[in-house]
Amino acid sequence: MSLTLQQIDCVAFSNKLCLNFACSSSEDGRILLITENGILVYTLMNYMDNIFNDIAFRKEYVRIPDFSLTTELGVEFESFYDQVPKEDLFERVLRLDITSKLDHSTPVDVKPLTAAWSPKGLLGKSHCVLSVLSNFYGLHIFVRSFDDGGVEHYECVTNVTKCIVEHFSKNWHDISRANVNIQVKEWNQRISVTCPTAFVWSHTITTSQETFAILFVAHPNGSITSWKFTTRREDEVLPSPLTYVGTCQTSLENINTMYWNKTRKDGGALCYGSIIGNLAVITLSGLARDNVVFKDEVIFWKENDQKKVDHITSIDYNDHTYLIVVREEFLLIFSIDKEGSVLDEVSFDLGCLPITGLCHYKDNVLLVLTTGRLKKITLDMVDSCINIKEELVTFKFDSTKFKTHGLVLSENRVYLGVLAYPCRLKDITRDPTPSSFLIYHDASISLFQTIMNNPSGSLEKYWDCFEILRLISYKEKKFPWQGIDANLDYDKLPLLQLKSLRWIAKLSEKVYNVVPSITEYNIKPYVLLHYLVTIKLVLKRMKKLMGVLANGVELTTFQMRSLDIQNMYLKEMVLMKILEKCKVGEKFVDEITEVMEKANELEYPDMPPCFWCGEKITGPTCIPVHVDSRCSISMMQIFLVPGFKCPLCKCVAHPEIAKETDVVICPYCDIPMDQIYSHEKVKNIVSNANMKLKDKLTFALKDSIPETPYVEHPIDSITENISLEDIEDSQVEYLALTDSEDEESIAEKSNYLRNKFFEIMTTNSLAGTSQDNLSEFPSVVPDCKVPAKGNESDDYSFDEDSDGEHSKSSKKTTGD
C-alpha cells in the first residue's frame, strides 16, 4: 500500500537549525531535535481529555554545559603560544574547538555537534538517558529529573570527556619546563587520545549483579574506548561514574559516525565511518565481562573520495542484513548473509541532493529525505545482487522556502515528522519562530482498526495512534469509533480492547460537542466502560495474588488487605447492578463468581482506620463518603504522598506496589508510572506540628502500613501549628478514586449503603442473596441514553433515576 501523507500539524519554535539528521526518537517515546544552541526534547502527552486540536507535545530544553577539553589537558596553550611558529600558531588559533578559552579573544558559544538516546532501561528500568557531544568536545550524559514542583527537566550526571582525561592522565608528566616544540607535540598528542569525535551506545545488558550499557567513544587517532554506564534510579541525585572496559586501535582516523548492531546477547558489530569517506566494521564480544574483546576489523570502503559518512543504519530482511551508509547525496548499501560475508554492494545516487534524514519504514522499505523530496526505497536480492526500487512520495512541502534537517517516524508509522528551516533570509528575519517540525499522518491507515487489532498485549506502544486519532477527530469533526460494530458483544472482549474502547469513549464524549450532525452513537458511555475495565483489572490482580497463595507463598499484610478491599469492590458492583447496566453477560458473571468464591474463603487481617475520617476502612470508599486518595492498582488508601503517578491519566499508586514488580505500570494506560517523592517542606510540616499530629504525619510518611496505625481523632485538628505558607508550597496533586460520578447523591444514601454493605460483608458469598434484595439496593450508576437515528433533537444524557439523582446532559441537533 502506498503512503498517503497529509499534514496534520506544525510545531514552530525559534531555535535555529544547522545540522542534518537533527532529530531522532528514543525507545521510551521521546523525540530530540538538535538546534544551534541546545537540544529540544518533545514528549507525547496524549491524554484523551485534551480538547485542543494541536498535537500534545511537552517540550524541554536541554542546555549544554560550557565545558572545553583543552582546559583539562594539563598544558596551557596561552603560556607558550607566543613562541609557537607562525604556521602552527595560525592552525591552532583558527580551530575554535580547541582554543575557545583563550584570553583576549572573542567568546565562542557552545553548540551541539550530535546527540543520541541510550537504549531503554538505564534510568529507572524503563527510560533512556540522553548523550550530547558539543563543539568543544565535551561529551555529557543527561537524565530527566523532577524539581520540587514536579516539573520535568534534564540535568547532567556524567561528564564523559572528563572521565576519559582522568583515565589517560595517569601516564602524563609535567612538561611545563620543556621547550615549545615538545609542549606543542605533547598537547597535540593528548588531544588526539582524549578528544571524543563520535560515540554510540550498545544494547542494554543484564547480568545477575547489574544492568548496564557500553558507551563506545571514537578519538582522532583512530582509537575507540569503551565505558560502562550502569542503570540508575530515578530518584538518584549523585553523578553516575563510568567504568573503563577497554580500548581498540582501528585503521581509520578522524571517525565521525558510529553505529551499533546487536548480534548476540553480549556482543555485536560496531560500524564506523570517517570524515574522508572510509568505512569499517569490527566484531565485539564479552560485553558482560570486565574487558571488552575487539576482533576481526573489516574495511568495507577504502576509497578516500572525501565523501563524508553522515549516517549508518541497518535492516534485517529475508535472512539478509542490509547495511545502509549515507555519504552526502549517496546511499552505500551492503548485503550481508548470516555468516557475515558481503554478498553485494551498490552506491545509489538520489539525484545530487544531500540526504538529510533516513528512517526504516517496514520490512525492506526505507524512507529517505533529501532537501526537498521524500522517497521510498525498497531493497531486495535478485540473483545474489541488490535490487533497488525507488518511488517518490508526494507530501505537502514548499522546498522553495524551506530546507529539511531531519526525519522521524512514530512507533506504529502513523505519523511522520519533518524538521525544516527557512532557506530565504527574509523568512528567517521576519518570522519570530522560523523553525518548523511538520507532522504528517498516513491517511491510508485506519487508526481505529489499528488500535483494536493491537497484537502487543499493551497500550504502551500505541499512544501515537490515539493521539493522531484525537487530532483527526477534532479537525474533521467526526467520532473516532467509525467502523465499530453496532452490535459489538462487550462481554467477549479481552481487557486490552476494553481499555482501548474506554479511551475512545472518553474522546467521543469530548468530540461530541463539535460534531455537526449525529445519526448514531455506537459505543458505550465512558463511565460504563470504566467500570468494566476496572472490574477486569481487579479480577486480574486478585487471580494473580490468589495464585501466589495457592503456590504456598505468604502474601504481605498490604496484599491481603488489598484482596479484601477488591473483594468488597466486586460485591459493590454486583449490588449496584453494574453488569446489568453495562449489558454484559455470562463471561463477566462467571469470572466474578469464581474469584469471589475463592476470596470469601480467605481470612484477612484487620483493616486500619481511615487517616482522614477515623472510620474503619471497609471498601474502596469510606462510609460516609469523602474524597481521599486511593491506589489505582490495589485500591488501598494512600497516606499523604503517593508513591507513583501516571504522566498521562494522573492516577496514583501506593509505594508498596514497587515491591510487587520491577516497573510500576499504569493499569489504564500501560505506561511506566513516574515515582513521586515528598520533599523537605513535608518534613518541615511534621517537625512543626503538635505531638498528636506529628504521630499521624510520621505514620503517613512510612513506606508500609503498620498493623495498628495511630489514629485517635478525625482530621479536624490537622490545621494546628501548621504554616499555611508551607502547605501551599508543599501541595501534591493526586487523584481521588470513587465509585460514582455523582458524589453528592452517594452521600445522601450513605446510611442506607452502610447498612446494606455490612450485611453483605458478614456473608461468606452472595449465593444467598435474593434478587429481590438486590433490586432494593439503589443504583449509583445512571441510565445512559445515546442519540437515536432520525430525531430532530436527540439527548445524550444520564436519566434521573428513581431516587432523584441528577447528572449532566447535553443536546445536539441532527441535520442542518
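This short talk describes a sheet, a loop residue and the nonpolar cores of one structure.

Good morning. Please keep in mind that the model before us is predicted.

I begin with the sheet. Strands of a sheet pair through backbone hydrogen bonds, and the pairing may be parallel or antiparallel. In this structure, four strands build an open sheet, arranged in the order 23-24-25-26, with antiparallel pairing. At the edges are strand 23, residues 355-362, and strand 26, residues 385-393, each of which pairs on one side only. From one strand to the next, the twist averages 25 degrees. Let us look at one pair within this sheet. Strand 23 and strand 24, the latter covering residues 365-370, run antiparallel and are joined by six bridges. Within strand 24, L367 is the residue that stands opposite C359.

I turn next to a loop. N135 sits between strand 7, residues 130-134, and strand 8, residues 139-146. Is N135 buried or exposed? Its relative accessible area is 15%, and because this is under the 20% cut-off, N135 counts as buried. A polar atom of the N135 side chain lies 3.2 Å from the backbone oxygen of D109.

Finally, the cores. The largest nonpolar core contains 125 residues, and F57, L130, F437, I523 and I535 have the most contacts inside it. Helix 8, residues 526-550, supplies the largest share of this core, with 14 residues. Beyond its neighbours within four places in sequence, F57 is in contact with V11, I31, Y42, T43, L44, Y415, F437 and I439. Another core, of 31 residues, lies apart from the largest one and includes V75, Y137, W187 and F229.

Thank you for your attention.

Conventions
Residues are numbered from 1 along each chain as its sequence is written. This is a predicted model: local features need pLDDT of at least 70, side-chain atom pairs count only at pLDDT 80 or more; totals for chains, interfaces and linings use all residues. Side-chain values use heavy atoms; hydrogens and water are left out. Two strands pair if DSSP finds at least two bridges between them. Helices (H or I, at least four residues) and strands (E, at least two) are DSSP runs, numbered from the N terminus. Axes are lines fitted to C-alpha atoms, for helices over the stretch in contact, and angles run from 0 to 180 degrees between N-to-C directions. Buried means under 20% relative accessible area, exposed over 50%, partly exposed in between (1.4 Å probe, protein chains only). A polar contact is a pair of N or O atoms within 3.5 Å; within protein, one must be able to donate a hydrogen and the other to accept it, and residues adjacent in sequence count only if both atoms are side-chain atoms. A nonpolar core is a set of buried Ala, Val, Leu, Ile, Met, Phe, Trp, Tyr and Cys residues joined through side-chain atoms within 4.5 Å. Contact means heavy atoms within 4.5 Å.
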